[in-house]
Amino acid sequence: MRGGVVRLSEVHRFSREIQDFAEAIRTGSVADLDRVLAEASPAIDFVDVDPGAAGFVSQPLQAEVVSAGRRLVAAARAGDAEAALSALSKHRVLCAHREGPYGVARWAGQVETWLSEAIDGYARDGLWYVGRPLLVTASDYQLGLFNGDTGVVVAAAGEPRAAFAREGRVDLIGPSRLGDVQTVHAMSIHRSQGSQFDAVTVMLPPLESPLLTRELLYTAVTRAKEHVRLIGTHAALVRAVETPIVRASGLRHQA
């Protein structure tokens, strides 16, 4: 219709349940958030516990990490780069912090321990072991790789190659050509922007964290297409929903 206005109300990047949950976060409605949680949707899993507590282990998280890791390693060892990259996108652990008990460093180490215990010979062939998940941390325009891109080391004619999906194709790159990359068993929510996974597990920071904001939580939740697992206290969840980034930063709207 000429001169008409079209309002998009359906989001197809993730399920209706995740959409409703994300909308409750976006609007800052704790009542709507609790309603979605009370509906006990299989798409939303809230674990009301402090993930930074000493000795805390989530058995469902461990099972999901190992399942995805086994698929990834099997495909990578078989030289099936496309299947390995698909497995890489099955699940991702997301953290607000980089360091500390709630951070990327702790949970990346935990994931690698789980995989090493479950998969024979995992991570024992040097830095470029087959099955190593990669995160690009600085753009390389010559290779066409950009900060935040992810890939996986696969076997290719008996040699390790880094596989990256780009514009509908899979490129294999010799490890010696790569610049700034790191292992990505877990990643920061900030770095996850623009990425999409079948499932995510989000480690909520403690109540006193300045990163506990509505925008950060919304970003984390909307990285998932099918399933979101939130691990953190209900108080932390409520604090995030009620704290827009403007208030968290101490800024105020100008008159």
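In which strand is the place of Asp171? Asp171 belongs to strand 6, residues 169–173, where strands (E, at least two residues) and helices (H or I, at least four) are DSSP runs numbered from the N terminus. The structure is a predicted model, in which local features need pLDDT of at least 70 and side-chain atom pairs count only at pLDDT 80 or more, while totals for chains, interfaces and linings use all residues. Residues are numbered from 1 along each chain as its sequence is written, and side-chain values use heavy atoms, with hydrogens and water left out.

Asp171 is buried, with a relative accessible area of 15%; buried means under 20% relative accessible area, exposed over 50%, and partly exposed in between (1.4 Å probe, protein chains only). The side chains of Asp171 and Arg166 are joined by a polar contact of 2.4 Å. Such a contact is a pair of N or O atoms within 3.5 Å; within protein, one must be able to donate a hydrogen and the other to accept it, and residues adjacent in sequence count only if both atoms are side-chain atoms. Apart from neighbours within four places in sequence, Asp171 is in contact (heavy atoms within 4.5 Å) with Ala162, Ala163, Phe164 and Arg166.

Helix 3 comprises 19 residues, 59–77. Its expected span, 1.5 Å times one less than its number of residues, is 27 Å, and this agrees with the 27 Å between its end C-alpha atoms. At the start of helix 3, a side-chain oxygen of Ser58 comes to within 3.2 Å of the backbone nitrogen of Leu61. Leu61 is itself buried, as are other residues of the helix, including Val65, Val66 and Leu72. The cover over the buried residues of helix 3 includes helix 4 (81–88), helix 5 (104–118) and strand 10 (224–232). After helix 3 comes Gly79, with a positive phi near 80°.

The aromatic pairs number 3, where rings of Phe, Tyr and Trp (its six-membered ring) pair if their centres lie within 6.5 Å; planes under 30 degrees apart count as stacked, over 60 as edge-to-face and the rest as tilted. Phe56 and Trp107 form an edge-to-face pair, at 6.3 Å centre to centre and 70° between the planes. Because Phe56 lies in the loop between strand 1 (44–48) and helix 3, and Trp107 in helix 5, the pair ties together parts 51 residues apart in sequence. Phe56 counts as buried at 14% relative accessibility, and Trp107 is buried at 0%.
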